[in-house]
Amino acid sequence: MQLQRIAVIGAGTMGNGIAQVCALSGYQVTLVDISDAALDKGLATLSKNLQRQVSKETLTQAQADQAVGHITTSTDYARLADAQLVIEAATENLGLKLKILKQIADNVSDTCVIASNTSSLSITQLAASVSAPDRFIGLHFFNPVPMMALVEVIRGLQTSDATHALALEVSGRLGKTAISAGNRPGFVVNRILVPMINEAILVLQEGLASAEDIDTGMRLGCNQPIGPLALADLIGLDTLLAIMEAFLEGFGDSKYRAAPLLREMVAAGYLGRKAGRGFHSYT
């Protein structure tokens, strides 16, 4: 299949980033969300990010304009009828994703491949909710999508070899390096990363060091480009909590219990950068 048309469901942080890299790579992109306001906000963020690249001279104005021209927006799932690949990029919530996947499956063609950008949920379980689970796969992009070079390609039990090969091909065309992962909670990167961040939160909770010193220690002692608590703020504390809860349920192992401080921060609305406050302040 000569892939030309990609639809992205969700115009939030991940969705508009995925739409951006797809459009820059020459694909025709349909960006779908529940409201025109959400779409306008996502498109404004996307355009701002493209202009930032132009100002840094990593992109020409003509390339930025062409990318924007490749994107159309809609609140109507019927617009998915001619999509060859649909990437779901909704919030990390199983019930919500299953609802969206049903809407996708009801509107796409018999040959369309459906992918989820989930960071922790079971691809096998998500695939079972659509009529052609052999054409379902995980495509886990990392935030910020335009900057991060990695994509995890996750096969469910039902995923066909052809679907896997297509996902690898698309990842390469987007300029990403793909790694293939099995279907376990967190896959590869988050399986390692998120418990490490959770441990850093426990260290802070126990009063062993300040947030600043924890991050400095991991940056300078482990050569990490960003400290774990600053990274938690970037990811979103609510997202981290959801991933830890998925780990605990999926593995049934108490080592994946979320730090009480993480739960308390989420309850307070201190979700990180997007809220202006997390383990660090962003006001």
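Residues are termed buried when their relative accessible area is under 20%, exposed when it is over 50% and partly exposed in between, with a 1.4 Å probe and protein chains only. The structure is a predicted model, in which local features need pLDDT of at least 70 and side-chain atom pairs count only at pLDDT 80 or more, whereas totals for chains, interfaces and linings use all residues. Residues are numbered from 1 along each chain as its sequence is written, and side-chain values use heavy atoms, with hydrogens and water left out.

Secondary-structure elements are DSSP runs numbered from the N terminus, with helices (H or I) of at least four residues and strands (E) of at least two. Strands are taken as paired if DSSP finds at least two bridges between them. On this basis, eight strands form an open sheet with mixed pairing, in the order E3-E2-E1-E4-E5-E6-E7-E8. Strand E3 (71-74) and E8 stand at the edges with a single partner strand each, so one side of each is left without a neighbour in the sheet. Neighbouring strands are turned against each other by 25 degrees on average, direction ignored. The pairing of E7 with E8 is parallel and runs over five bridges; Ser180 in E8 is the bridge partner of Val153.

Helix H6, which comprises the 13 residues 161-173, reaches 19 Å from its first C-alpha to its last, close to the 18 Å expected, the expected span being 1.5 Å times one less than the number of residues. Its buried residues are Thr163, His164, Leu166, Ala167, Val170 and Ser171. Seen down the axis of H6, these residues fall within an arc of 160 degrees (taken from the directions from the helix axis to the C-beta atoms), so they line one face of the helix. H6 is followed by Gly175, which has a positive phi near 80 degrees.

Aromatic rings of Phe, Tyr and Trp (its six-membered ring) pair if their centres lie within 6.5 Å, and count as stacked with planes under 30 degrees apart, edge-to-face over 60 and tilted otherwise. The rings of Phe251 and Tyr256, with centres 5.0 Å apart and planes at 25 degrees, are stacked. Phe251 is partly exposed, with a relative accessible area of 28%, whereas Tyr256 counts as buried at 4%. Phe247, Phe251 and Tyr256 form one aromatic cluster.

Methods: Axes are lines fitted to C-alpha atoms, for helices over the stretch in contact, and angles run from 0 to 180 degrees between N-to-C directions.
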